[in-house]
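Colleague: Please take a close look at one part of this model, and go through it in a single answer.

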Amino acid sequence: MVRTVVFDVGETLIDESRIWLRWAERLGVPALTFLGVLGGCAALDRSHRDAFEIVRPGLDFEAEIARWARDDPDGLRNRFDADDLYPDVRPALSALREAGFDVVIAGNQPPEARAALEAMDLPASAVRTSDEWGVQKPEPGFFTKVAELSGVAPEEIAYVGDRLDNDVLPAADAGMRPILLRRGPWGYLHAERPEAARTTVIDSLTELSGVLTR
């Protein structure tokens, strides 16, 4: 029986559209071109970082982030805020809490993402990032950290994410209940794959309370 529901961040809770569009503008690439290349990376199981190398060969990603911070110190740049939350997030998390589930947020994110999420005052008992743990999905150690944070056995945890490879299948291998959200480029593509049969596929976070209480 699931007692804790753990959420990925990007394209699960956060709509990353504005981030990618700001990146396209920053790199001087038409928005459709950059988004199309990103979608191609998703379809080919390539890292999203490859999209930067494809449109700007030789780009030093970390150096570009540092330059961007100097150029626009007060802007969001490659970060997010409450305006980027998907509209189903607050009602879905509230419904889970009301149904008696503990809610945790844990994803592959830089340290500043934790502060951004905590500032949103979401109905979650804890927020953690891969950078502060020193281990990233899909590494098994990440899901060990999730279980330790949750304080329950892995089989009592549902992990919700938009990717088979990074999120839900590694969670399943760790003994957790995998829930694939059909959202974002990876979510739509991965929901079509045979491996999605190992998961519960949902189209909205508002489905979770009913799915987990049945």
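Modeller: Asp45 sits in the loop between α2 and α3 (49-55); helices here are DSSP runs of H or I with at least four residues, numbered from the N terminus. This is a predicted model, in which local features need pLDDT of at least 70, side-chain atom pairs count only at pLDDT 80 or more, and totals for chains, interfaces and linings use all residues. Residues are numbered from 1 along each chain as its sequence is written, and side-chain values use heavy atoms, with hydrogens and water left out.

Asp45 is not a glycine, yet its phi is positive, near 60 degrees. Its relative accessibility is 46%, so Asp45 counts as partly exposed, a class between buried (under 20% relative accessible area) and exposed (over 50%), with a 1.4 Å probe and protein chains only.

Helix α2 covers residues 31-43, and its axis comes within 9 Å of the axis of helix α10 (residues 184-191), crossing at roughly 35 degrees. Axes are lines fitted to C-alpha atoms over the stretch in contact, and angles run from 0 to 180 degrees between N-to-C directions. The α2 and α10 crossing is right-handed, meaning that the near helix is turned clockwise from the far one by less than a right angle.

From α2, Leu38, Gly39, Ala42 and Ala43 meet Pro185, Trp186, Leu189 and His190 of α10, where contact means heavy atoms within 4.5 Å. The residues of this contact comprise six nonpolar, two polar and no charged; Ala, Val, Leu, Ile, Met, Phe, Trp, Tyr, Cys and Pro count as nonpolar, Asp, Glu, Lys and Arg as charged, and the others, Gly among them, as polar.

How values were computed:
Helix = DSSP H or I, 4+ residues; strand = E, 2+ residues; numbered from the N terminus.
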